[in-house]
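Here are some notes to read beside the model. Please keep the structure open and find each residue as it comes up.

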Amino acid sequence: MKRFYSIVISCLLIMSFVKADEMVIDSSHSEVGFSIKHMMISNVKGKFKEYDAEIEFDLKKKIFTELDATIVAKSIDTGITKRDNHLRSEDFFEVVKYPKITYKMTKYTPDGDEGVMEGILTIRDVTKKVKLDVSVNGIIKDNEGNTRAGFTLEGKINRKEFGLKWNKALELGGFAVGDKVKIVIELSTMAL
């Protein structure tokens with residue numbers, strides 16, 4: 001029994017040294033963005049204006065230990081009201097029925113100032129594994145003494161795999177909307 005308690009105490013001591021910093025998002029310097037092909041010739045860019053995440057990041061080791069994000073689907077913004085309303089409809093995000101998009105990290109593999117984040121993305125109640133390439137853009141102390149860190153997270157998904165299947169055939173061939181969506185997230189964070 002003494003041996004068991006010794007092992008438990010040793011594990012707790014080791015875990016106390018592996019502490020990541022809790023980070024909060026500075027939304028005025030962050031963006032959850034995406035781009036997708038339009039009519040097979042140009043890229044349309046957009047973003048979600050409402051989002052939040054629980055983030056834990058080891059500032060010394062530059063390792064994410066937690067990222068659990070929620071995006072408000074109706075906050076989608078491509079700069080054109082008619083298109084945004086279509087994206088909120090049943091053809092795409094169906095925001096009344098599925099108000100949230102979520103991403104939960106399951107694994108992080110660091111490589112210096114870069115890394116690969118693996119996680120579970122849920123859109124319209126469809127859940128898929130998605131990898132994001134991560135760049136640690138920098139860690140600084142601001143003028144008030146707060147520790148800040150910036151990150152870029154990038155990945156690609158196929159929208160049809162998440163039930164976003166609407167499309168329209170073009171007269172000369174091809175479709176109005178591409179299947180591949182490029183995700184580009186710029187995160188500015190501050191340690192609590």
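**Notes on the fold, core and pocket**

1. Among contacts (heavy atoms within 4.5 Å) in the protein chain between residues at least 6 apart in sequence, 55% join residues at least 24 apart. This is a predicted model, in which local features need pLDDT of at least 70 and side-chain atom pairs count only at pLDDT 80 or more, while totals for chains, interfaces and linings use all residues. Residues are numbered from 1 along each chain as its sequence is written, and side-chain values use heavy atoms, with hydrogens and water left out.

2. The protein chain has two helices and eleven strands. Helices (H or I, at least four residues) and strands (E, at least two) are DSSP runs, numbered from the N terminus. Along the sequence the pattern reads α-β-β-β-β-β-β-α-β-β-β-β-β. Of the 192 residues in the protein chain, 38% are buried; buried means under 20% relative accessible area, exposed over 50%, and partly exposed in between, with a 1.4 Å probe and protein chains only.

3. Consider how strand E2 is held. E2 pairs with E11 in the antiparallel sense over seven bridges, and two strands count as paired if DSSP finds at least two bridges between them. In this pairing glutamate 31 stands opposite glutamate 186 of E11. E2 also pairs with E3, again antiparallel and over seven bridges. Here valine 32 stands opposite phenylalanine 48, and isoleucine 36 opposite valine 44.

4. E3 has a further partner: two bridges join E3 to strand E6 (residues 76-77), and the two run antiparallel. Phenylalanine 48 stands opposite isoleucine 76 in E6.

5. Next, the core. A nonpolar core is a set of buried Ala, Val, Leu, Ile, Met, Phe, Trp, Tyr and Cys residues joined through side-chain atoms within 4.5 Å. The largest one has 45 residues, and Phe64, Leu67, Phe93, Met117 and Leu153 have the most contacts inside it. Strand E11 (residues 177-191) gives the most to this core, with six residues.

6. How many aromatic pairs are there? The count comes to seven, where rings of Phe, Tyr and Trp (its six-membered ring) pair if their centres lie within 6.5 Å; planes under 30 degrees apart count as stacked, over 60 as edge-to-face and the rest as tilted. Phenylalanine 34 and phenylalanine 48 form a tilted pair, 5.8 Å centre to centre with 45° between the planes. Phenylalanine 34 lies in E2 (residues 31-38) and phenylalanine 48 in E3 (residues 42-48), so the pair ties together parts 14 residues apart in sequence. Phenylalanine 34 counts as buried because its relative accessibility is 15%; phenylalanine 48 counts as buried because its value is 8%.

7. Phenylalanine 64 and tyrosine 108 form an edge-to-face pair, 5.3 Å centre to centre with 70° between the planes. This pair links distant parts of the chain, with phenylalanine 64 in strand E5 (residues 63-72) and tyrosine 108 in strand E7 (residues 100-111), 44 residues apart. Phenylalanine 64 and tyrosine 108 are both buried. Ring pairs link Phe57, Phe64, Tyr108 and Phe151 into a cluster.

8. Last, the largest pocket: its volume is about 790 Å³. Of the 42 residues that line it, the closest to its centre are Phe34, Phe48, Ile76, Phe93 and Val181. On a 1 Å grid over the protein atoms alone, a pocket is an open set of points where a 1.4 Å probe fits, with protein on both sides within 12 Å along at least five of seven lines; lining residues have an atom within 4 Å of a point. Grid points are joined across faces, edges and corners, and a volume is the space filled by probe spheres set on the points. E2 gives the most to the lining, with six residues.
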